[in-house]
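Work through the exercises below with the sequence and coordinates open. Each task is followed by a solution in steps.

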Amino acid sequence: MRAFERMTAGQPYHASDPELTAMRRRAWELTQQFNGLPPQADGERRELLEKLLGSVGKDCWIQPPFHCDYGCNIHLGDSFYANYGLTVLDCGLVTIGNRVFVGPQVGIYAAGHPVDPELRGKGWEDAGPISIGDDVWIGGGTVLLAGVRIGSGTVVGAGSVVTRDLPSGVVAAGNPCRVLRTVGARDRESWLKRLEAVSPEEGSVGR
């Protein structure tokens with residue numbers, strides 16, 4: 001079995017494998033190109049993302065700088081938005097749904113190492129998939145660890161460390177991240193009240 005197959009299957013592997021090394025170098029080169037493009041180069045940015053990532057939905061935007069290990073293990077849904085400094089260690093499969101917002105300096109880390117120092121020193125690694133549902137908002141400075149799933153409609157507070165699955169439709173925060181409350185009618189009502197002061201012309205302008 002190839003090291004890549006072992007890695008994506010969650011089995012122990014060595015990152016120094018020549019094929020994996022070449023794949024990471026390719027991702028490094030493509031992200032360097034992506035991060036160096038001028039602000040007006042929207043078409044070129046899209047082309048590079050399609051070349052780098054496993055799949056890219058419609059109307060996706062990643063604000064440079066962006067970094068990843070392999071790229072091919074990242075799958076983005078429609079209307080994905082990531083602010084400055086997203087880092088994805090996509091040793092495992094990273095699947096992100098539609099209309100997901102990601103704040104600045106977020107880390108999505110599918111990579112893992114042995115806790116035992118001797119085994120870690122011998123270069124063994126493993127990985128676990130990360131899944132993010134539709135309509136999720138991940139606050140700035142948050143870290144998602146290998147193997148976690150975030151349900152649709154959930155909000156993760158800034159600076160959180162997500163070590164276990166989060167259900168759909170909740171507000172969660174902390175280190176380790178825990179559920180604080182559900183997303184309810186009051187969240188919508190409070191915003192609707194604030195929007196009463198917005199003119200129809202202003203409200204018609206997209207983000």
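## Exercise 1: A surface patch

Step 1: the model is predicted, so local features need pLDDT of at least 70 and side-chain atom pairs count only at pLDDT 80 or more, while totals for chains, interfaces and linings use all residues. Residues are numbered from 1 along each chain as its sequence is written, and side-chain values use heavy atoms, with hydrogens and water left out.

Step 2: L195 belongs to helix α5 (residues 185-195); helices (H or I, at least four residues) and strands (E, at least two) are DSSP runs numbered from the N terminus. L195 counts as partly exposed because its relative accessibility is 42%, where buried means under 20% relative accessible area, exposed over 50%, and partly exposed in between (1.4 Å probe, protein chains only).

## Exercise 2: Salt bridges

Task: state how many salt bridges a search of the whole structure finds, then describe the network that links R2, E5 and E19.

Solution. Step 1: the whole-structure search returns seven salt bridges. The criterion is a side-chain nitrogen of Lys or Arg within 4 Å of a carboxyl oxygen of Asp or Glu. Side chains of opposite charge can pair when their charged atoms come close.

Step 1: R2 pairs with E5 at 3.9 Å, N to O. R2 also pairs with E19, at 2.5 Å, N to O. This second pair links distant parts of the chain, 17 residues apart: R2 is in the segment before α1 (3-8), and E19 is in helix α2 (residues 18-36).

Step 2: R2 is partly exposed at 39% relative accessibility, E5 is partly exposed at 35%, and E19 is partly exposed at 31%.

Step 3: take another pair. R181 and D187 form a salt bridge whose closest N and O atoms are 2.9 Å apart. R181 is partly exposed at 30%, and D187 is partly exposed at 23%.

## Exercise 3: Cavity and pocket

Task: which residues line the largest cavity, and which element gives the most to the lining of the largest pocket?

Solution. On a 1 Å grid over the protein atoms alone, a cavity is a set of points where a 1.4 Å probe fits but cannot get out; a pocket is an open set with protein on both sides within 12 Å along at least five of seven lines; lining residues have an atom within 4 Å of a point. Grid points are joined across faces, edges and corners, and a volume is the space filled by probe spheres set on the points.

Step 1: the structure has one cavity of 30 Å³ or more, and the largest cavity has a volume of about 40 Å³. Its lining is formed by L53, I62, F66, I74, L76, F80, L86, V88 and I96. The elements giving two or more residues to that lining are β5 (74-76) and β7 (86-89).

Step 2: the largest pocket has a volume of about 430 Å³. Of its 13 lining residues, D135, W137, G153, V155 and V183 are the closest to its centre. α5 gives the most to the pocket lining, with three residues.

Step 3: follow G153, which sits in the loop between β16 (149-150) and β17 (155-156). G153 is partly exposed, with a relative accessible area of 26%. G153 and G169 are 16 residues apart in sequence, with a C-alpha to C-alpha distance of 4.6 Å.

## Exercise 4: A loop residue

Task: is N73 buried or exposed?

Solution. Step 1: N73 lies in the loop between β4 and β5. Step 2: N73 is buried, because its relative accessible area is 6%. Step 3: leaving aside neighbours within four places in sequence, N73 has contacts (heavy atoms within 4.5 Å) with F4, M7, T8, D90, C91, G92, L93 and V94.
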